[in-house]
Amino acid sequence: MVRVTVLAFAACALALSTGVAGTIQTANPLDRLSFMIGKWEGVAEGQPGKGTARREYARVLNGTFVRAVHWGQYPPQEKNPKGETHEDEGFFSFDKARKRIVFRQFHTEGFVNTYVEDADSTPARIVFISEAIENIPVGFRARETYVVFGPDAFEEVFEMAEPGQAFEVYSRTRFKRVKEPEKQP
């Protein structure tokens, strides 16, 4: 009897570890970000003025992470007489303990933002709220919201909050997917 029980336990363990059992979820939790994968161009406006942006998202390191590379240009204008160029890179990962996506973003200005996905996110509106920001006065917070308009368009709203204050929109960028030219035979 003990031998049968041990064999049954071993068979169940093998089925669970190989995914044979139908109740095991093996999907990549970052699949919720699949709509982002590819190249994007956008129009930005907000506190730095009006500008343009380019972004690329790619799965990296065997799909364990999603990498985001961003470049934005705000030409000289009344709101921003000197203009500015902004670059940042980031990585989305999945924290199994919290069951949340985490986004770490590195800016040319030296800021490093660590965001955690908000529990109220939906497939059409993914929200990340900062849990830490390096190289900025204590108490500042940031929020990134991605509003999905379909497979080829989304909007990113970046908000900031000074210590003890409510979030205010810093910039809003509407992205459209860059269509790769079809390869000629």
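The model on screen is predicted.

Now show strand 2, residues 49–60, together with strand 3, residues 65–74. The two run antiparallel and are joined by nine bridges.

Ten strands close into a barrel, in the order 1-2-3-4-5-6-7-8-9-10, with antiparallel pairing. On average, neighbouring strands here are turned by 25 degrees against each other, direction ignored.

**The core**

Next, select Leu 33, Met 36, Tyr 57, Phe 92, Phe 128, Tyr 146 and Phe 154, the residues with the most contacts inside the largest nonpolar core, which has 21 residues. At least two core residues come from each of strand 2, strand 3, strand 5 (100–107), strand 7 (125–134), strand 8 (141–150) and strand 9 (153–161). Strand 7 gives the most, with three residues.

Centre on Met 36. Apart from neighbours within four places in sequence, Met 36 is in contact with Tyr 57, Phe 92 and Tyr 146.

**The salt bridges**

Colour the charged side chains. The whole structure has eleven salt bridges; the stops below include some of them.

Pick Asp 31 and Arg 59, which form a salt bridge with the closest N and O atoms 3.5 Å apart. Asp 31 lies in the loop between helix 1 (2–18) and strand 1 (38–46) and Arg 59 in strand 2, so this pair ties together parts 28 residues apart in sequence. Both ends are partly exposed: Asp 31 has a relative accessible area of 38%, and Arg 59 is at 34% relative accessibility.

Move to Arg 32, whose salt bridge with Glu 117 has its closest N and O atoms 2.8 Å apart. Because Arg 32 is in the loop between helix 1 and strand 1 and Glu 117 is in strand 6 (residues 112–117), the pair ties together parts 85 residues apart in sequence. Glu 117 is buried, at 6% relative accessibility, whereas Arg 32 is partly exposed at 39%.

Then select Asp 152 and Arg 177, whose side chains meet in a salt bridge at 2.9 Å, N to O. Asp 152 sits in the loop between strand 8 and strand 9 and Arg 177 in strand 10 (residues 168–177), so the pair ties together parts 25 residues apart in sequence. Asp 152 is partly exposed at 32% relative accessible area, and Arg 177 is also partly exposed, at 21% relative accessibility.

Finish on Asp 95, Arg 98 and Glu 131, which are linked in a network of salt bridges.

How values were computed:
Residues numbered from 1 in each chain as written. Predicted model: local features only at pLDDT ≥ 70, side-chain atom pairs only at ≥ 80, totals over all residues. Heavy atoms only, no water. Pairing = 2+ DSSP bridges. Helix = DSSP H or I, 4+ residues; strand = E, 2+ residues; numbered from the N terminus. Axes fitted to C-alpha atoms, helices over the stretch in contact; angles between N-to-C directions. Core = buried A, V, L, I, M, F, W, Y, C linked by side-chain atoms within 4.5 Å. Buried < 20%, exposed > 50% of the residue type's maximum accessible area, 1.4 Å probe, protein only. Contact = heavy atoms within 4.5 Å. Salt bridge = Lys/Arg side-chain N within 4 Å of Asp/Glu carboxyl O.
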